[in-house]
Amino acid sequence: MEKELIIHLHEAMTQLLSGFDHLPCFEQEKDMGKINTILNLVAEKLKSNYPYHHPLYAGQMLKPPHPVALLSYTLAMLMNPNNHAIDGGIASSKLEKEAVSNIAYMFGWDDFLGHLTSGGTFANLEALWICEKMNPGKVIVASEQAHYTHNRICDVLKIAFKPVPADHDGVMDTAALEKILKDFDVGTVVVTMGTTGCGKIDPLTKILDLQKRYKFRIHIDAAYGGYFKLATNLSAETTLAFEQMHKADSIVVDPHKHGLQPYGCGCILFKDPHVGKFYKHESPYTYFTSDELHLGEISLECSRAGASSVALWATQQYFPMKKGGEFAKNLEKSRHAAIKLFELINSADEFFTFFKPDLDIIVWSLKGVSSKEISKRNRRFFQKAAQLNLHLALVNIPQSIASHHCDIQWDSDDLACLRSCLMKPEHDDWIEKMFDIIQTSIKTLNV
């Protein structure tokens with residue numbers, strides 16, 4: 001496959017560079033022998049990575065870009081466009097606007113303001129910055145199971161932040177949220193659609209009901225789970241939450257997760273285009289050859305890789321983002337894989353699980369007497385499985401949640417559990433093989 005990809009890349013490079021044949025020729029100094037030596041050295045060093053590309057890697061949220069994204073990104077890097085100003089990325093800026101419009105349309109928005117970012121962290125920073133501009137001095141809240149970045153961003157921006165306790169299902173406890181709404185001047189509630197640890201969906205429907213009474217902005221952090229808006233094999237409750245995402249004030253999604261893109265590629269969307277007024281600034285040396293809106297005029301980041309937008313646009317041409325399409329079906333395979341593994345682990349006497357998967361992440365644990373003992377066994381199992389080429393992840397589940405799923409002695413504040421992130425559609429065909437390795441790992445653990 002690698003040789004075929006190089007052939008197609010060479011053909012596209014030739015076509016791209018032919019557009020500049022009218023320019024005088026020049027040569028860049030380069031030592032191809034030295035380049036070849038260094039490339040092979042790099043290849044050797046990269047072998048120390050986990051096999052992120054393989055279905056037996058089911059640990060962190062790491063997924064290789066689709067070949068069309070990889071090749072399009074590489075092709076664009078011949079020019080190295082900068083999407084801050086149209087002058088620095090004429091073609092790539094246009095492709096970014098089209099690609100972002102496709103994502104906004106997926107969530108039901110035609111009239112919006114949005115752009116790509118270097119990742120979900122910066123996308124969420126922009127969202128919370130706008131939240132403060134819209135509701136100055138008010139508190140921002142998020143579930144204690146939300147990504148830690150929200151608390152940290154609020155600290156950076158000097159915004160008051162308050163965590164909301166999670167219930168036994170690992171999602172925001174709406175009763176606890178209402179108490180906070182009564183006691184504090186809350187300006188924004190962050191709703192997580194796909195928590196990093198467990199892939200859980202906060203109860204958006206209930207939060208929307210509270211919004212009618214308490215009047216606050218809703219920011220949806222769908223960095224991980226946003227693309228599952230297209231999946232049709234989710235639970236009724238999860239499906240309803242996705243169907244109501246258009247009611248939010250802002251949404252973040254990461255194309256470099258389920259969107260098949262290279263790192264880093266995040267996306268921030270605002271329902272009200274008028275929030276663009278907060279971005280207004282003067283940069284006379286940057287914006288000078290076009291009267292069109294420069295993406296740098298609606299972004300806190302300045303220089304941004306135009307290659308990211310080219311790769312995303314190309315991927316959307318290959319995989320139209322629609323329900324029933326190939327892209328959506330691949331998401332459904334990941335969800336199906338998680339359900340299959342969840343059921344297999346539930347059927348084994350040695351394990352117990354935490355909540356049925358909302359998306360494609362499952363959390364599970366070996367059985368034991370005490371929390372310290374179980375955590376130790378889970379860490380050992382993690383290492384044993386890796387020795388057999390099955391790469392998992394570990395996640396700490398607080399006692400407040402874990403105690404609802406297991407009857408054990410608690411001699412620690414949390415429980416180190418096993419976590420399987422089944423992001424690749426190929427996982428659906430590898431679950432039985434993975435479970436065989438899990439069973440073998442148990443045997444070697446007990447020896």
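**Entry 1: a pair to begin with**

I started with Asp254 and Lys257, whose side chains meet in a salt bridge, with N and O 2.5 Å apart. For a salt bridge I ask that a side-chain nitrogen of Lys or Arg be within 4 Å of a carboxyl oxygen of Asp or Glu. This is a predicted model, so I kept to its rules: local features need pLDDT of at least 70, side-chain atom pairs count only at pLDDT 80 or more, and totals for chains, interfaces and linings use all residues. Residues are numbered from 1 along each chain as its sequence is written, and side-chain values use heavy atoms, with hydrogens and water left out.

Are Asp254 and Lys257 buried or exposed? Asp254 counts as buried because its relative accessibility is 1%, and Lys257 counts as buried at 14%. My scale, with a 1.4 Å probe and protein chains only, calls a residue buried under 20% relative accessible area, exposed over 50%, and partly exposed in between.

I also noted a network: salt bridges with shared partners join Lys340, Asp428 and Glu432.

Next I looked up Asp209 and Lys212, which form a salt bridge with an N to O distance of 3.7 Å. Both lie in helix α8, three residues apart, which is about one turn of the helix. Helices (H or I, at least four residues) and strands (E, at least two) are DSSP runs, numbered from the N terminus. Asp209 is partly exposed at 39% relative accessibility, while Lys212 is exposed at 59%.

**Entry 2: the two domains**

How is the protein chain divided into domains? I found domain 1 at 76-318 and domain 2 at 326-444; such bounds come from an automatic or database domain assignment. The contact between them takes 31 residues from domain 1 and 23 residues from domain 2, where contact means heavy atoms within 4.5 Å. Over C-alpha atoms, the domain centres are 29 Å apart.

Domain 1 and domain 2 bury about 2,200 Å² between them, and 62% of that is on carbon and sulfur atoms. Buried area here is the accessible area (1.4 Å probe) that two parts lose on being put together, summed over both.

**Entry 3: a bridge across the domains**

How many salt bridges are there between domain 1 and domain 2? I counted one. Asp358 forms a salt bridge with Lys200, their closest N and O atoms being 3.4 Å apart. Both Asp358 and Lys200 are buried.

I then turned to the backbone. Most residues other than glycine have a negative phi, and most peptide bonds are trans.

Where does Lys158 lie? Lys158 is in the loop between α6 (149-156) and β3 (161-164), and has a positive phi of about 60 degrees although it is not a glycine. Lys158 counts as exposed because its relative accessibility is 72%.

Lys215, also not a glycine, has a positive phi of about 55 degrees. I placed Lys215 in the loop between α8 (204-214) and β5 (217-222), and at 61% relative accessibility Lys215 counts as exposed.

Gly264 lies in the loop between β6 (250-253) and β7 (266-270).
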